[in-house]
Each structure stands twice: as C-alpha cells, then as structure tokens.
Amino acid sequence: MNTKPDFSKNANHAATAPAFLSVWDMHAYYGESYIVQGVSFNVHEGEILALLGRNGAGKTSTLRSIARIGDPELRKGEIWLDHKPLHNMSSHEASQAGLGLVPEDRRIIPGLTVEENLKLAQIAPPVGWSIQRLYDLFPRLGERRMQEGVTLSGGEQQMLAIARALARDIKVLLLDEPYEGLAPVIVDEIEKTLRIIKDQGITTVIVEQNAVRALELADRAVILDTGGIVFDGTAAEVLENKELREEYLAI
Ligand SMILES: Nc1ncnc2c1ncn2[C@@H]1O[C@H](COP(=O)(O)OP(=O)(O)O)[C@@H](O)[C@H]1O
Ligand SMILES: [Mg+2]
C-alpha cells in the first residue's frame with residue numbers, strides 16, 4: 001500500500017481566483033524520454049509562484065515547455081496566457097504574447113556592452129520598460145552600461161538577464177534558478193528587485209533550489225516530483241510543513 005501523504009489534494013486551493021497563466025495536463029518529451037508527465041497549475045495575475053522540487057524533478061523542462069522552446073517537445077496539454085493559447089505557438093510567438101524566460105545560464109551576449117544587450121532586446125516590438133527605467137531598477141547596470149556584459153559579476157549578469165526580459169513588454173517572468181551561485185547579500189538585492197517588479201504588476205514564476213528564499217518571496221508554491229505536481233498551495237503552508245519539506249525539498 002502506498003502510504004505517501006497526498007499533498008496534491010490541495011490542487012484547487014486557489015481555484016476561486018481566475019488564472020492568468022494556466023498550464024493544463026502538459027506532457028513533454030526529450031526524444032523518447034517522457035519527462036513532463038501531466039503537469040497542471042495556475043498562476044494568478046500579479047502573484048509570485050515558486051515552482052519547487054528536487055534536482056531532476058522537471059522544473060527546467062516545465063519552464064521550457066511553457067516558453068515553447070521545442071526541446072522538450074510538448075506533445076499534449078494546453079497553456080493559456082491571458083486568454084491566448086501558448087500551446088499553439090512557437091517560442092518567438094510566445095515571447096510576443098508576453099512570456100519572458102530568464103534561463104539558468106543567463107545567455108548574456110558576448111562582445112556586447114550592458115546597454116547593447118538591453119537595446120538588442122528592444123530591436124523588435126513589443127518594447128517594454130525603457131533603458132532608463134531599467135537602470136533605475138538596477139543602478140549597478142547603469143554604472144556599468146559601457147562594460148561588456150559577460151565581464152560582469154554573476155549577480156550583475158543575473159540582473160542584466162532580468163532587465164533584458166523586462167526590456168520587452170512581458171506579462172509573465174519565468175526565472176530559472178536566479179539565485180544560483182550568488183552570495184546571500186546579492187540574493188537580498190535581487191529579491192528586493194523582484195518585489196519591486198511584482199509591485200509594478202508583473203506576474204512571476206520562480207524556480208529555485210534555494211527553496212526557503214523562494215518561499216519567503218512567493219505567494220503560492222507548487223512542488224514537482226518526477227514530472228508531476230505533488231503539492232499546490234500557499235508558500236506559508238510549505239514553510240510550516242516539515243514533512244512536505246523533507247519529502248520533496250530536502251530542507
Ligand atoms: N536535454 C535533455 N535530454 C534528455 N533528458 C533530459 C534533458 N534535459 C533534462 N533531462 C532529464 O529530464 C529530467 C528533468 O530535468 P530538469 O527539467 O532539468 O529538472 P530540474 O530543473 O528540476 O532539475 C531529468 O531526469 C533530466 O535528466
Ligand atoms: Mg533545472
């Protein structure tokens with residue numbers, strides 16, 4: 001008999017609020033490897049959702065599926081962003097529809113300055129925040145505007161990657177491990193910025209191994225395990241539930 005507690009019974013916890021980003025029964029494959037195995041969750045407008053789970057649980061694959069990267073290949077399911085069907089779109093179209101993915105490796109473009117990295121993001125519509133507004137949000141980027149992007153510190157490169165997403169007119173920011181490899185004081189700085197971004201009306205999904213830091217920031221959390229959702233509820237519930245943290249987050 002399976003005696004594992006079923007935390008997914010909370011799955012419709014916040015079902016009363018309308019979904020802004022809705023992922024329904026999503027299945028995705030790398031070649032024949034079945035990785036995202038029927039993932040469903042909702043994100044409400046203006047909230048921060050933490051998408052958590054152990055290494056290899058499928059968090060990056062879930063973000064890549066939503067952003068329509070193509071690898072993993074989405075074979076079944078629906079993804080709706082503000083009433084638009086992302087599941088029928090290419091990654092380029094999903095970006096035009098307002099999806100901003102900041103990948104784990106940050107992808108700062110070599111040979112370009114900070115400012116050129118930002119300007120390149122605005123080369124085609126829809127253009128988002130002005131460069132000046134981005135420098136107001138991240139003063140360090142303003143100070144280093146003429147410096148080559150790849151020569152920045154890890155924390156500054158993460159700021160540039162987030163700023164570049166906001167340089168386009170986005171509705172949802174998907175962050176894959178934004179705190180990875182960063183000193184706690186830099187994490188504090190980025191966390192502060194993510195709160196400001198939330199106050200400006202952007203909806204955020206944050207994937208983080210540093211689950212406690214992500215839960216302190218997030219309104220709600222979903223936990224993934226071997227390609228499926230095992231918990232859907234408030235961030236506070238996860239912080240308070242020792243059993244759940246030990247079982248799926250090892251914290
Ligand atoms: N390009 C790939 N090809 C085949 N399998 C992959 C690929 N990328 C990831 N995987 C596998 O998919 C599973 C989920 O990986 P991933 O989504 O990166 O997990 P997480 O981000 O939660 O650590 C893992 O078992 C991983 O080995
Ligand atoms: Mg990952």
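**Sheet, core and ligand shell in a predicted model**

The model holds an open sheet of 6 strands, ordered β6-β7-β8-β3-β9-β10 with mixed pairing. This is a predicted model, in which local features need pLDDT of at least 70 and side-chain atom pairs count only at pLDDT 80 or more, while totals for chains, interfaces and linings use all residues. Residues are numbered from 1 along each chain as its sequence is written, and ligands are numbered from 1 in the order in which they are written.

Student: What makes β6 and β10 edge strands?
Tutor: β6 (99–102) and β10 (228–234) each have a single partner strand, so one side of each is left without a neighbour in the sheet.

Student: Why are β3 and β8 called paired?
Tutor: Two strands pair if DSSP finds at least two bridges between them; β3 (residues 48–52) and β8 (residues 203–207) have 4 bridges in the parallel sense, and therefore they count as paired. One bridge joins Leu51 to Val207 in β8.

Student: How do you know that Ala221 is in contact with Ala50?
Tutor: Contact requires C-beta atoms, placed from the backbone, within 7 Å, and the partners of Ala221, leaving aside neighbours within four places in sequence, include Leu49, Ala50, Leu52 and Val238. Both Ala50 and Ala221 are among the residues with the most contacts inside the largest nonpolar core, which has 72 residues.

Student: Which element gives the largest share of that core?
Tutor: Helix α6 (residues 154–166) does, with 7 residues.

Student: What makes Lys59 part of the shell around ligand 1?
Tutor: A residue is near a molecule if its C-beta atom, placed from the backbone, lies within 6 Å of it, and Lys59 is one of the residues surrounding ligand 1. The largest share of this shell, 3 residues, comes from α1.

Definitions and conventions:
Helix = DSSP H or I, 4+ residues; strand = E, 2+ residues; numbered from the N terminus. Core = buried A, V, L, I, M, F, W, Y, C linked by C-beta atoms within 7 Å. Buried ≥ 20, exposed ≤ 12 C-beta atoms within 10 Å, placed from the backbone. Contact = placed C-beta atoms within 7 Å.
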